[in-house]
Amino acid sequence: MTATPANLRINADRLWDSLMEMAKIGPGIAGGNNRQTLTDEDSEGRHLFQRWCETAGMTMGVDEIGNMFARREGTDPEALPVYMGSHLDTQPTGGKYDGVLGVLGGLEAVRTMNDLGIKTKHPIVVVNWTNEEGTRFAPAMLASGVFAGRHTLDWAFDREDAKGKRFGDELERIGWKGEEKVGDRKMHALFELHIEQGPILEAEGKDIGVVTHGQGLRWVECTVTGKESHTGSTPMAMRKNAGRGLALITELVHEIAMKNQPNAVGAIGHIDVYPNSRNIIPGKVVFTVDMRTHILDKLNAMVEELMSRAPELCAEIGVEFEAKIVGQFDPPAFDEDCVAAVRRAAEQQGYSHMDIVSGAGHDACWINDVAPTAMIMCPCVDGLSHNEAEEISKDWAAAGTDVLLHAVLETAQVVE
């Protein structure tokens with residue numbers, strides 16, 4: 001085994017050109033992308049990625065849920081591969097970098113190894129996970145969840161989009177249902193490069209986020225029930241206004257999140273108001289509270305406080321409160337050795353860096369269940385993502401991919 005030169009860099013122009021070429025597939029209406037999973041555009045993007053990988057000397061494997069695995073051989077056929085990658089699917093109004101940087105950054109790392117004749121003991125695999133976004137077929141991170149045993153394959157195949165089309169049928173229609181059994185692959189480690197999707201790195205002036213944890217999540221569906229009545233003729237003191245209950249709980253969620261700082265968040269997103277008429281006091285409001293933090297005890301305590309105080313607030317104004325958890329996952333702590341490899345790579349190349357907690361879910365969060373895993377983040381302008389205006393710089397992309405390259409080479413063990 002030999003050390004990798006600290007000054008080794010990827011080809012930043014080639015990486016950027018690849019990102020821009022992929023962005024031509026499924027263009028959005030405002031400069032971003034609409035390449036939703038299992039659409040014709042998704043298939044076209046997959047074919048382009050496959051061609052690039054095969055040109056780089058890799059062989060492509062595809063499993064039953066459409067995950068793509070491009071393999072570069074190592075010198076030891078018995079050694080488990082080191083994986084790197086993310087996803088190529090986008091939101092309906094998504095950006096050009098969310099997920100895509102992690103896949104094409106992995107490809108660029110392999111191209112750089114080829115350019116310099118670098119050999120590794122462990123094989124290296126670049127992966128494109130199917131349906132990370134979950135925007136067309138819920139939930140998010142669906143295929144990596146099946147790979148990690150969080151979901152069954154049959155359950156995934158039965159997911160339907162808004163038009164009633166089945167995931168399994170659409171996967172076959174676009175021609176990307178493979179024969180390999182999902183989850184059969186064993187990994188030595190996995191590294192996922194991703195844009196931050198938040199404002200911290202840019203605000204702190206850091207090149208690299210060393211991701212130590214992912215956030216845990218609880219989605220609590222709440223129902224406040226009052227009494228529908230006329231807004232003009234019902235005296236204020238006699239109202240049972242479910243909308244007022246929503247307002248009180250909105251403030252409660254903010255209060256709970258703020259007193260659990262740092263790295264705790266909470267908000268109400270989806271809201272349905274009944275009957276949703278201008279001149280009727282709402283009789284029922286159904287809404288979802290989203291609470292997240294990377295500390296499990298803190299996350300559970302936040303939810304417990306919501307569940308205990310919300311009924312009291314509602315009772316004080318004469319309305320009823322019910323709640324149930326409709327989505328959850330516990331916070332993953334990424335592998336200490338893999339995280340250390342990322343940190344060393346950033347330090348050796350002189351990139352400024354900081355430890356960070358991922359505020360969003362990623363495929364690496366599920367793969368962390370079955371293999372040593374770590375994530376690398378680069379800044380994005382104003383922290384904006386899931387938006388066609390999402391933007392990063394060529395330098396940020398190159399820095400993240402340089403760190404990915406060096407962390408993977410250390411883990412895969414460079415040989416003479």
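In this predicted model, helix α1, residues 12-23, and helix α12, residues 394-412, have axes that come within 10 Å and cross at roughly 110°. Angles of 65 to 115 degrees count as roughly perpendicular, and α1 and α12 are therefore described as roughly perpendicular to each other. On the side of α1, the contact is made by Ala12, Asp13, Leu15 and Trp16, while α12 contributes Lys394, Ala397, Ala398 and Thr401. Sorted by class, the residues of this contact between α1 and α12 are five nonpolar, one polar and two charged.

The next helix to consider is α2, which spans residues 40-55 and includes Asp40. Once the neighbours within four places in sequence are left aside, Asp40 is in contact with Arg173 and Ile174. Asp40 and Arg173 are 133 residues apart along the chain, and their C-alpha atoms are separated by 9.1 Å.

At the level of the whole protein, the chain is divided into two parts: domain 1, made of 5-214 + 331-412, and domain 2, made of 216-329. A distance of 36 Å separates the C-alpha centres of domain 1 and domain 2. Nine residues from domain 1 and nine residues from domain 2 take part in the contact between them.

The largest pocket has a volume of about 670 Å³. Its lining consists of 25 residues, and those nearest the centre of the pocket are Ala140, Met141, Leu217, Trp219 and Phe329. Two elements give two or more residues to this lining, namely β8 (216-225) and β13 (320-329). Of the elements, β13 gives the most, with four residues. In terms of class, the lining of the largest pocket holds nine nonpolar, twelve polar and four charged residues. Domain 1 and domain 2 are each represented in the lining of the largest pocket by at least three residues.

The second largest pocket has a volume of about 270 Å³. It is lined by 16 residues, of which Ile200, Gln215, Val357, Ser358 and Gly359 are the closest to its centre. At least two residues of this lining are supplied by each of β10 (264-274) and β14 (353-358). The largest share, three residues, comes from β14. By class, the lining of the second largest pocket has eight nonpolar residues, seven polar residues and one charged residue. Why is the second largest pocket said to lie between domain 1 and domain 2? Both domains give residues to its lining, so the pocket lies between them.

The backbone also deserves attention at several points. Most residues other than glycine have a negative phi, and most peptide bonds are trans. Against this background, a cis peptide bond joins Ala138 and Pro139, with omega of about 5°. Pro139 is placed in the loop that runs between β5 (124-128) and α4 (142-147).

Pro262 belongs to the loop between α8 (242-258) and β10. Asn263 is found in the loop between α8 and β10 as well. Although Asn263 is not a glycine, its phi is positive, at about 60°. The strand at the end of this loop, β10, is one of the elements that supply at least two residues to the lining of the second largest pocket.

Note on methods. Residues are numbered from 1 along each chain as its sequence is written. This is a predicted model: local features need pLDDT of at least 70, side-chain atom pairs count only at pLDDT 80 or more; totals for chains, interfaces and linings use all residues. Side-chain values use heavy atoms; hydrogens and water are left out. On a 1 Å grid over the protein atoms alone, a cavity is a set of points where a 1.4 Å probe fits but cannot get out, and a pocket is an open set with protein on both sides within 12 Å along at least five of seven lines; lining residues have an atom within 4 Å of a point. Grid points are joined across faces, edges and corners, and a volume is the space filled by probe spheres set on the points. Ala, Val, Leu, Ile, Met, Phe, Trp, Tyr, Cys and Pro count as nonpolar, Asp, Glu, Lys and Arg as charged, and the others, Gly among them, as polar. Domain bounds come from an automatic or database domain assignment. Axes are lines fitted to C-alpha atoms, for helices over the stretch in contact, and angles run from 0 to 180 degrees between N-to-C directions. Angles under 35 degrees count as roughly parallel, over 145 as roughly antiparallel, 65 to 115 as roughly perpendicular and the rest as oblique. Contact means heavy atoms within 4.5 Å.
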